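I opened my notebook to work through one chain, one feature at a time. My entries follow in the order I looked things up.

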Amino acid sequence: MRLTRHVYLAGSGLHGFSLSNDYDCHVYVIDGGSELALIDAGAGLDIDAILANIRFDGLDPARLRYLLLTHAHADHAGGARGWYDRFGVEVAASPEAGRYLRDGDEERISLAVAKQGGFYPASYVFRACPVPHILKENDMFSVGELRLRAIETPGHCSGMLSFLLEEDGRSVLFSGDTVFHDGKWLVSNLWDCDIRQYVRSIEKLAAIPADVLLPGHLSVALKDGARHVRKAWDTLQRLSVPPSIV
Ligand SMILES: [Zn+2]
């Protein structure tokens with residue numbers, strides 16, 4: 001599903017538009033001309049469904065070169081190994097998410113408790129994957145003719161990144177699980193969910209004049225995306241907390 005000139009939505013689960021497997025986060029495709037990149041991998045339970053959507057949009061999956069991860073939770077990073085095995089994608093992630101994925105560390109990504117909470121099938125396995133590109137604050141990453149900026153936004157979990165893409169004079173913000181449509185966020189009872197860090201990350205994103213907001217789940221905003229981030233920050237400035245999407 002084409003969203004902007006260079007960005008498509010190819011995967012999305014039950015907490016979204018049901019384009020692919022129920023457990024998938026939003027999986028975006030960026031078309032940089034000579035090469036494609038995915039933003040997040042989905043859970044990896046049905047890559048073919050995402051591939052069918054990529055082809056439906058007229059894109060050739062043979063051009064897939066990169067997979068940029070917002071964070072290592074299984075609905076975002078669990079599919080990395082599958083994309084690597086089939087297309088040799090080069091994964092880019094934060095130092096923490098990169099470590100969890102290289103090690104296939106189910107503890108650090110809170111998979112066991114997420115299974116107990118009913119968020120994944122009991123049989124689900126998080127497969128380790130090489131991570132050749134490590135991204136830190138303000139690092140730029142090229143995808144063909146396009147460039148994305150990495151923004152460190154910990155809080156929902158450790159090692160969370162957002163990505164900012166400039167296209168045709170408009171800013172596209174990929175906010176992962178940090179901030180969602182209508183000023184919501186995603187706090188949970190996990191070891192690395194950190195409210196103080198989360199608040200600083202929302203403040204940081206609220207200063208970005210994003211035109212388009214593309215989060216990891218639920219609705220997207222194709223104009224005035226910054227309004228949704230500012231709503232979360234306004235709530236926090238009133239000493240309250242935004243609603244959590246789960
Ligand atoms: Zn998450």
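Entry 1: I started with Asp168, which lies in the loop between β9 and β10 (170-176). The model is predicted, so I read every value here as computed from that model. Asp168 has a positive phi of about 50°, yet it is not a glycine. I noted this because most residues other than glycine have a negative phi. Is Asp168 buried or exposed? I found 9 C-beta neighbours inside 10 Å, so Asp168 counts as exposed, since the limit for that class is 12 or fewer.

Next I looked up Asn138. Its phi is positive too, about 70°, and Asn138 is not a glycine. Asn138 sits in the loop between β6 (133-134) and β7. With 10 other C-beta atoms within 10 Å, Asn138 is exposed.

**Entry 2: the sheet.** I then traced an open sheet of five strands. Its order is β7-β8-β9-β10-β11, and the pairing is mixed. Which strands form the edges? They are β7 (140-143) and β11 (212-215), and each of them pairs on one side only.

Entry 3: β7 and β8 run antiparallel and are joined by four bridges. Phe141 stands opposite Leu148 in β8. Two residues lie between the strands of this hairpin. There, Gly144 takes a positive phi near 55°.

I moved on to the next pair. Strand β8 (residues 146-152) and strand β9 (residues 161-167) are also paired in the antiparallel sense, over five bridges. What stands opposite Leu148 in β9? It is Leu165.

**Entry 4: two helices.** I turned to helix α6 (residues 195-206) and helix α7 (residues 226-237). Two packed helices are described by the angle between their axes and the distance between the axes. Here the axes come within 9 Å and cross at roughly 135°. That makes α6 oblique to α7, because only angles over 145 degrees count as roughly antiparallel. The crossing of α6 and α7 is left-handed. I listed the residues that make the contact. From α6 they are Val199, Ile202, Glu203, Leu205 and Ala206. From α7 they are Val229, Arg230, Ala232, Trp233 and Leu236.

Entry 5: I picked Ala52, which lies in helix α1 (residues 47-56). Ala52 has 15 other C-beta atoms within 10 Å, so it is partly exposed. How far apart are Ala52 and Gly11? They are 41 residues apart in sequence and 9.7 Å apart in space, C-alpha to C-alpha.

**Entry 6: the whole chain.** I finished with the totals. The chain has seven helices and 11 strands. Its C-alpha atoms fill a box of roughly 50 × 45 × 30 Å along the principal axes. A compact globule of 246 residues would have a radius of gyration near 18 Å, and the chain's 16 Å agrees with that. Buried residues make up 51% of the 246. I also checked contacts with a separation of 6 or more: residues 24 or more positions apart account for 62% of them.

Key. Residues numbered from 1 in each chain as written. Predicted model: local features only at pLDDT ≥ 70, side-chain atom pairs only at ≥ 80, totals over all residues. Pairing = 2+ DSSP bridges. Rg over C-alpha atoms; globule rule 2.2 N^0.38 Å. Buried ≥ 20, exposed ≤ 12 C-beta atoms within 10 Å, placed from the backbone. Contact = placed C-beta atoms within 7 Å. Axes fitted to C-alpha atoms, helices over the stretch in contact; angles between N-to-C directions. Parallel < 35°, antiparallel > 145°, perpendicular 65-115°, else oblique. Left-handed = near helix turned anticlockwise from the far one by under 90°.
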